[in-house]
Amino acid sequence: MSVSQALLSLALCTATLLPVSASAAEEYVYDAVHSSVSFKARHLDISWIHGRFNEVDGKFSIDRQDPTKSSFQLTIKADSVDTANAARDEHLRQPDYFDTKQFPTIEFRSTKVRAIEGGYEVTGDFTMHGTTRSITIQLMGGRQIESRGVRRVGFSTELRLKRSDYNFDKNAIGPIGDEAVVIIDCEGMSK
Amino acid sequence: MPDALLSLLAFLTAAVVAAPGAATRLYPLLMLAGCVCGLLVLQILPGLPPVSAADRFLYLLPVLMLADLAETVLPTRMHRLLRSTALLTPVPLILHQSVWLTQPAAATIQGITPTGWLLLAGLTPLPLTGAVLLQRLTTGFSRPAVAAGLPLNLTCCLLCSAVVIMLGGYLKGGLLALPLAGSMLPFALRNVFAGPRPDRPLPLTYCWGSLCCLLLIGLFFGRLTPLQCSCFAAIPLVTALPLPPGSAEHCGRRQTVIRTVLTALLCSLLLYQAWSVFAVRMLPLLAHRQQLAEQPFRCCPADACSATLGQTASAGPPCVHKPPVPPHTPAG
């Protein structure tokens with residue numbers, strides 16, 4: 001191998017490796033043990049009903065150097081709705097509400113991320129009840145720590161959704177407020 | 001629970017609109033018009049695109065009716081083909097893109113899981129098989145008594161299955177059937193009291209197909225059990241079976257009454273069973289309400305049961321705390 005060939009090989013190798021080293025994206029998976037996706041909705045406009053989803057999965061990739069390259073994904077199993085009342089949960093799973101046999105998951109996929117003070121502003125497609133809408137959420141947090149050899153990062157957000165925007169049965173909206181507040185506190189573990 | 005008055009109004013609207021049709025050749029069209037009017041009263045409109053099973057069912061209704069209307073226009077063979085196609089449609093259409101046919105992480109063949117294909121293979125022919133059997137039982141053996149009572153039996157099954165679906169917690173699913181049953185009622189009553197007319201046969205594809213769709217929706221998306229579903233589907237078939245020789249075989253009217261009473265009895269049993277399950281499922285909530293009523297601090301007489309299920313509570317006076325009355329002690 002001539003010197004020029006050796007140099008060319010070296011240059012090619014460097015070129016191939018450079019993007020990998022330049023991309024400082026950290027990959028995380030949703031830690032179900034230390035995270036929660038809960039919600040609350042007005043009941044008869046006098047109080048709040050609280051509930052949560054027990055089965056959530058997700059992954060996020062955070063690029064500290066170029067936050068626009070970060071991405072967030074969250075998949076909630078609608079069947080895992082839990083409002084501490086079995087009869088009500090059963091009702092919520094039926095087509096009058098979540099219709100979990102037709103729409104088994106509630107999903108969020110980020111399409112645009114930008115850094116803001118104290119976190120990220122994430123725009124993405126939110127799919128619920130068969131309807132997809134673009135929403136923007138403010139993910140606050142993002143501090144990273146290392147615990148027992150596992151890198152962890154945490155985020156919190158709160159978003160307000162109108163069920164009527166997601167094709168829910170309008171006759172079932174009446175007593176329970178149209179607007180629901182979804183509270184997401186999630187922790188990610190490095191892969 | 002759904003608004004009882006509105007439900008009744010939808011049922012009656014459908015019946016009133018369809019009623020003139022019972023005496024004319026336009027009865028299938030008026031039946032469909034009655035159903036549509038009833039649905040409008042309930043403010044139930046099919047979504048576009050039809051993403052839910054109920055939406056798809058609503059779009060299927062005119063197709064089922066069209067298959068019946070085509071009988072007078074198309075040659076027998078063509079009509080049979082159209083009717084068969086219409087009755088093979090409900091199962092794949094109702095289950096379309098649901099968890100019964102697709103799973104995000106599962107291996108699929110043409111987008112449907114192997115279990116889904118098995119389900120489709122097993123269930124798809126059932127509505128058509130049922131329709132063929134009913135057709136044979138009503139016209140094949142020339143049994144006017146069966147033909148006279150069948151529309152009423154189908155209406156009764158449709159109505160009762162709707163109530164059972166609502167008791168299971170799927171309110172809209174049950175409500176869908178009220179205008180359907182209402183639109184079938186005038187034709188059914190006319191058939192019973194004036195007898196069936198050969199030139200105005202029962203729109204079997206529409207009536208039987210609607211019942212099948214409703215049962216499928218209740219079974220796969222509501223809380224209708226397989227047993228309840230099978231019973232509601234079997235009742236019209238069972239009550240159309242020939243009676244033992246000699247038992248009122250020659251008295252058409254009495255036979256119709258026997259078949260109708262039998263249908264009502266079986267439907268009542270299913271309703272009672274569904275009501276029992278409803279009571280058991282709701283027991284903790286009902287007990288909670290009773291506890292509240294027994295407490296000295298009587299507060300907010302709202303219907304705890306329906307309020308917990310997200311329904312409108314009865315309007316009552318604002319919360320008033322009543323302190324417990326101390327036991328009476330004689331002075332001194």
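Visitor: How many residues of chain A are in contact with chain B, and how many of chain B with chain A?

Guide: This is a predicted model. In it, 23 residues of chain A are in contact with 31 residues of chain B.

Visitor: What area is buried between the two chains?

Guide: About 2100 Å² is buried between chain A and chain B, and carbon and sulfur atoms give 53% of that area.

Visitor: Which three residues supply more than any other three of the area that chain A buries against chain B?

Guide: They are A:Q94, A:K101 and A:Q102, which supply 28% of the area that chain A buries against chain B.

Visitor: Let us turn to the folds. How many helices and strands are there in chain A?

Guide: Chain A has three helices and 11 strands. From the N terminus on, its elements run α-β-β-β-β-β-β-α-β-β-β-β-α-β.

Visitor: Which residues are closest to the centre of the largest cavity?

Guide: Of the 33 residues that line the largest cavity, the closest to its centre are A:F39, A:F53, A:M128, A:L161 and A:V182.

Visitor: What kinds of residue make up that lining?

Guide: The lining divides into 27 nonpolar, three polar and three charged residues. Strand β11 of chain A, residues 176-190, gives the largest share of the lining, with five residues.

Visitor: Now for single positions. Where is A:K59, and what does A:K59 touch?

Guide: A:K59 is found in strand β4 of chain A, residues 56-63. Beyond four places in sequence, A:K59 touches A:Y28, A:V29, A:Y30, A:S71, A:F72, A:Q73 and A:K191. A:K59 and A:K191 are 132 residues apart along the chain, yet their C-alpha atoms are separated by 9.4 Å.

Visitor: Why does A:K59 count as partly exposed?

Guide: A:K59 counts as partly exposed because its relative accessibility is 40%, and that class covers values between the 20% limit for buried and the 50% limit for exposed.

Visitor: In chain B, is B:L60 buried or exposed?

Guide: B:L60 counts as buried, because its relative accessibility is 4%. B:L60 has its place in helix α3, residues 53-69 of chain B. Leaving aside neighbours within four places in sequence, B:L60 is in contact with B:T89, B:P90, B:L93 and B:C213.

Visitor: And B:H79, which residues is that one in contact with?

Guide: Setting aside neighbours within four places in sequence, B:H79 is in contact with B:A67, B:D68, B:A70, B:E71 and B:L74. B:H79 is found in helix α4, residues 76-88 of chain B, and counts as buried at 8% relative accessibility.

Visitor: Finally, the backbone. Which residues does a cis peptide bond join?

Guide: A cis peptide bond joins B:L48 and B:P49, with omega about 0°. B:P49 lies in the loop between α2 and α3 of chain B.

Visitor: Which residues have a positive phi without being a glycine?

Guide: Among them are A:A84, with a phi of about 65°, and A:D99, with a phi of about 50°. A:A84 is placed in the loop between β6 and α2 of chain A, and A:D99 lies in the loop between α2 and β7 of chain A.

Visitor: Are these two buried or exposed?

Guide: A:A84 is exposed, with a relative accessible area of 76%, whereas A:D99 is buried, at 3%.

How values were computed
Residues are numbered from 1 along each chain as its sequence is written. Chains are lettered from A and ligands numbered from 1 in the order in which they are written. This is a predicted model: local features need pLDDT of at least 70, side-chain atom pairs count only at pLDDT 80 or more; totals for chains, interfaces and linings use all residues. Side-chain values use heavy atoms; hydrogens and water are left out. Helices (H or I, at least four residues) and strands (E, at least two) are DSSP runs, numbered from the N terminus. On a 1 Å grid over the protein atoms alone, a cavity is a set of points where a 1.4 Å probe fits but cannot get out, and a pocket is an open set with protein on both sides within 12 Å along at least five of seven lines; lining residues have an atom within 4 Å of a point. Ala, Val, Leu, Ile, Met, Phe, Trp, Tyr, Cys and Pro count as nonpolar, Asp, Glu, Lys and Arg as charged, and the others, Gly among them, as polar. Contact means heavy atoms within 4.5 Å. Buried area is the accessible area (1.4 Å probe) that two parts lose on being put together, summed over both. Buried means under 20% relative accessible area, exposed over 50%, partly exposed in between (1.4 Å probe, protein chains only).
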